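I opened this entry to keep track of what I looked up.

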Amino acid sequence: MKKLILVLIIMSCYSCNAQQKKNESNCNRNSWAKWIENELPETICVQKGEMIYSLFNEFDFNSDGLQDIAIKIGKKERKNGDVRKLSVYKKVNDSIYTKFKTLNNIYPIWFNDYDSSVKLKDPKLNKIKEYYEMGNPLRKLTLEKSKITLNLKGDSVTEYILTFIFSKEKQDWLLSNYIEFDLNNNTKRPYLTERLNTSISDFTYLEFLNGEY
């Protein structure tokens, strides 16, 4: 009887290990840099065909004392019209993270060549590309504590700094600060806008590039 129980235990352990290895093999953690895979928690995976391009792991968006994580995700094979995503994960304990929100509007649309004279086969993309005549508007994305900050190019001498702060009540990031940065004179001043206290999900690059945001 004891031998039978021992055999059953060994078979159960083997089955668990096999299942664990199967789950690990199905977990896509491909990234453009090895250090990202090394620092990425084992429970975080992305879909097949996607790749992790950035890892943010030094912020605590909900101020609960646990370091949360966000990853920049995009298709492995890049083409005109692609958009990267920012997935934010809330840390539950030492080893568990749960996906909190995926933002599809944080990164601008990508084009291989932003020159308006270079036409694409898709007329809809050509129309969108007209807004991007100054090139990629995102200069920097920062996640710090409860803040998400976008540094956006206005023109050759102007940058706009949009800061979104996480609201525990709304469970969302709200626009708290909008700054116009004069690079020539190294001066900053508040930019007048009616968008303060609106959700980060309401931000769009087309509205920003068209002067509507």
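I took a salt bridge to be a side-chain nitrogen of Lys or Arg within 4 Å of a carboxyl oxygen of Asp or Glu. The model is predicted, so I kept its limits in view: local features need pLDDT of at least 70, side-chain atom pairs count only at pLDDT 80 or more, and totals for chains, interfaces and linings use all residues. Residues are numbered from 1 along each chain as its sequence is written, and side-chain values use heavy atoms, with hydrogens and water left out.

**Salt bridges.** I searched the whole structure and found eight salt bridges. One of them joins Glu180 and Arg189, at 2.5 Å from N to O. I read burial as follows: buried is under 20% relative accessible area, exposed is over 50%, and partly exposed is in between (1.4 Å probe, protein chains only). Glu180 is buried at 16%, while Arg189 is partly exposed at 48%.

I next looked up Asp172 and Lys101, whose closest N and O atoms are 3.3 Å apart in a salt bridge. Asp172 sits in strand S8 and Lys101 in strand S4 (residues 97-103), 71 residues apart. Strands here are DSSP runs of E, at least two residues long, and helices are runs of H or I of at least four, numbered from the N terminus. Asp172 is buried, at 10% relative accessible area; Lys101 is partly exposed, at 21%.

I also noted the salt bridge of Arg139 with Glu159, with closest N and O atoms 3.3 Å apart. This pair links strand S5 to strand S7 across 20 residues.

**Cores.** I used nonpolar core for a set of buried Ala, Val, Leu, Ile, Met, Phe, Trp, Tyr and Cys residues joined through side-chain atoms within 4.5 Å. The largest has 32 residues, and Leu150, Leu162, Phe164 and Phe203 have the most contacts inside it. S7 gives the most to this core, with four residues. I listed the contacts (heavy atoms within 4.5 Å) of Leu162, which include Ile148, Leu175, Phe203 and Tyr213. Another core, of 12 residues, lies apart from it, and Ala33, Ile36, Ile52 and Ile73 are among its members.

**Pocket lining.** I then turned to the 16 residues that line the largest pocket; Lys153, Gly154, Phe208, Leu209 and Gly211 lie nearest its centre. A pocket is an open set of points on a 1 Å grid over the protein atoms alone, where a 1.4 Å probe fits, with protein on both sides within 12 Å along at least five of seven lines; lining residues have an atom within 4 Å of a point. S6 gives the most to this lining, with three residues.

Terms used
Lists of a residue's contacts leave out its neighbours within four places in sequence.
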